[in-house]
Amino acid sequence: MDLIDIVNILAQTVRLATPLILACLAGLYSERAGIVDIGLEGKLLASAFTAATVAALTGSPWLALLAGIGGALLFSGVHGLASINFKGNQTISGVALNFLAAGLTTYLGTSWFKRGGFTPQLSADQRFGPLQLPFAAELRNVPIIGPIYSGLISGYSLITYFAILAVPITAWVLFRTRFGLRLRAVGENPKAIDTAGISVTLLRYQALIITAVLVGIGGAYLSIAAGAGFIPNMAAGRGYIALAALIFAKWKPWPALLVCLMFGFLDAVQLRLQGIKFPYIGEIPVQAIQVLPYILTVILLAGFIGRAVAPKAAGLPYTKER
Amino acid sequence: MEDSLNQNTEQRPDMAAASSLAIELIGINKHFGPVHANRDINLQIKRGTVHGIVGENGAGKSTLMSILYGFYTADSGEIRVNGAPHSITDSRHALALGIGMVHQHFMLVDNMTVLENVVLGAEDSPLLAPTYAKARQVLKRLADDYELEVDAEAVIEDLSVGQQQRVEILKALYRGAEVLILDEPTGVLTPAEADHLFRILRTLRDEGKTIILITHKLREIMAITDEVSVMRQGAMVKTLQTKDTSPGELAELMVGRRVLLRVEKGPANPGKVLLEVENLVVTDDFKVPRVKGVSFNVRAGEIVGIAGVAGNGQSELLESVSGMRDQLLGVVRLNGAPLSLEGDDGAARARAAGLAHVPEDRLREGLVTAFSEWENSILGYQDKYGKGLGLDIDLARKTADEYIKKFDIRPPSKDLKTANFSGGNQQKIVLAREMERNPDVLIVGQPTRGVDIGAIEFIHNQIIKMRDAGKAILLVSVELDEIRSLSDRILVIFDGKIVGEADPATADETELGLLMTGVHSATPTAAGAGTLKNNAGKGDA
């Protein structure tokens, strides 16, 4: 295994981690505000579908991205109504939205495009393709720096760069701004927010909007950046893995990035190991390799997480006494 | 919803307004469902004074202050701040008028720092750095001026309760509070911390701030207030100059002289000791000690009543002896044998050993109101109705029929949901269930709370019948009359300790009131010397 191989695996890691990072940060805003969002999976799926549909209809990746965000906003809005206004159970609302997203995307996709749930294949200019940073091509042949710069730093889609950038921005918002202070407070002790004269409802909706924007971009990444169209159930559990990563990262942005990269790495290694013959063992069945990241997830979550204290008010509707 | 992000520059009302009254409440009424929590309250609070509000738990003090702070909205009435009428709709509005509140249970975010908690909701700009810089300065000044030292960078959950309370005060002062409401501030404090708090409050008053102190401890009222208002059962009884009143007068106003209910009962015939409680220590949900080393006996054929102002540890005492709450220290003996009450099945073991319990709050602890009458009639004893893997429903329903007849439970329909019975009949369901099991010891909390007059008489007679059948009965009630008319012996509890014992036949009400409010901790006085015994240092009396 030489430098090129390592660079390839690491670059693949970043690509695979992109939707996880976005979904994980999305969940971070929502759960820090005290709203459990098990519906990240459904939102990824919904936004992947709306993005692919609009890309296929208009040909504009930017409109498609907006549509992705719109799809997630719709689902976030329903979740907000159920869990903030009607004080329903947030887990049930989230699970219901996941089912709704899975069913609705397949149904609408099948009836609109008649391709068994797939949306039409998108061409390169209808997607967020890889970006070449300046001098990437020129430096390619410089030893060591060349492959790292052109392979590991350059060459991702715009959305990936945004996802990475979203991590320091989130950390800054959370700990350096008034909004972040209130967001953290409302997820821990909404009564403290209420007695300080701030609307708990408004604050929680603001958090849900940010959640929808981030997860919507993550969903769009699946269908119009990493993929070239919508495939039924293409979120493939990434919403849940993002939630697991969020717990693993103890609801903090930088650890969230690391954990998502780790999950991405496991996935990249898994792809790489397929079809390789091992000494004595021979070729491992592809299913056995594909299951690897998930097994590791279970082990990591069960054994290495330590004490993860969720925001205290997460999952609890706030009732103002009158 | 108001815009929560862009409202930080509030106009401070002109403090030099003509009125010498900081706060004036006129005709305040507040209902919670059927409960009339505040009845036509009028109250005037002068600027630059410490104004005490006393009353038993449930007298409506906290409700009134929550209305002033905008946490509740009054059904009717007017609030004047510095002479000008305002309708305070939320806490932000109250804060803008210079009214700050230190809640009984602190409104702090436990995993954030002191600094973060202080500026929360009072940030100057979207970015926090300038606010933090300013807040550090202000905190330092407040610390110097008022002995309010707290490390600004400390995380709340690492602080002592007294320090957390100081953070609450700092929060209010940082927001420019001119009127500071403190709700039972010393309930969670050690005596040293309480002294420190009082020093802070005096300094604040001397600086011209107005302090409203809600408490049920008369000693604090006498020690620190300038004026005191007494509330009872949702109504304002009287406002007095502290220097012109005495704890005795306040205690009487607080507890009130009520018509003594006549209960027909013969003399007690006490037999051997059935229930023995020795040096019991119990903490509440916040790990604050509520029962602080209590010892007493209850003999067969006698009713021992525990008198006290609500909130002095009697609830925790009942919960502990009946096995609902773990004790920290101490022994409970039943019939001479130690009773193991620890763990989730403590209450079940107590029941099996012959200790029945009628809890204080029947809706929360005595009944499952969504269940039918017959189901509640066997609750806690359901194991006796086993039939194979299931329940012997016929037998259970027959039991329910018996109870309904014997205790005159109305309507006599065992399939009716328990929630649909009246308070008195719900209480009869609980009493029937606990009494008809023929226990050796019966523990009864608030037997007639929210019960109509007719049912009260019936319940009292049932309790006396139990006594005459040779059972030991421990009674806790906030109704002093009930304690006096039912008990054969009265133990007075204050601040988690038994501070005296009295004979109900001769006890003087004022003297009982003084004991209950901790003014005389068990020192016999001239007035009460004949009837009240010092209980300190004695395990049993």
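**Ground rules.** I am working with a predicted model, where local features need pLDDT of at least 70, side-chain atom pairs count only at pLDDT 80 or more, and totals for chains, interfaces and linings use all residues. Residues are numbered from 1 along each chain as its sequence is written, chains are lettered from A and ligands numbered from 1 in the order in which they are written, and side-chain values use heavy atoms, with hydrogens and water left out.

**Entry: helix α1 of chain A.** I looked up α1(A), which covers residues 3-32. Helices here are DSSP runs of H or I with at least four residues, strands are E runs with at least two, and both are numbered from the N terminus. From first C-alpha to last, the 30 residues of α1(A) reach 40 Å, close to the expected 44 Å; the expected span is 1.5 Å times one less than the number of residues. I found a kink of about 40° at A:A17, shortly before the proline A:P19 (the bend is the angle between axes fitted to the seven residues ending there and the seven starting there). I also noted that 23 of the 30 residues are buried, so α1(A) is largely enclosed by the rest of the structure. Buried means under 20% relative accessible area, exposed over 50%, and partly exposed in between, with a 1.4 Å probe and protein chains only. Just after α1(A), A:G34 has a positive phi of about 95°.

**Entry: helix α11 of chain A.** This helix spans residues 238-248, and eight of its 11 residues are buried, so the rest of the structure largely encloses it. Among the buried ones I listed A:G239, A:L243 and A:F248.

**Entry: where chains A and B meet.** I found 38 residues of chain B and 26 residues of chain A in the contact, meaning heavy atoms within 4.5 Å. About 2800 Å² is buried between the chains, 55% of it on carbon and sulfur atoms; this is the accessible area (1.4 Å probe) that both parts lose on being put together, summed over both. The rule finds three salt bridges across the interface, each a side-chain nitrogen of Lys or Arg within 4 Å of a carboxyl oxygen of Asp or Glu. I looked at B:E116 with A:R184, a salt bridge whose closest N and O atoms are 2.9 Å apart.

**Entry: B:T399.** I located B:T399 in helix α13 (residues 393-406) of chain B. B:T399 is buried, at a relative accessible area of 8%. Leaving out residues up to four places away in sequence, B:T399 touches B:Y385 and B:R437.

Terms used
Buried area is the accessible area (1.4 Å probe) that two parts lose on being put together, summed over both.
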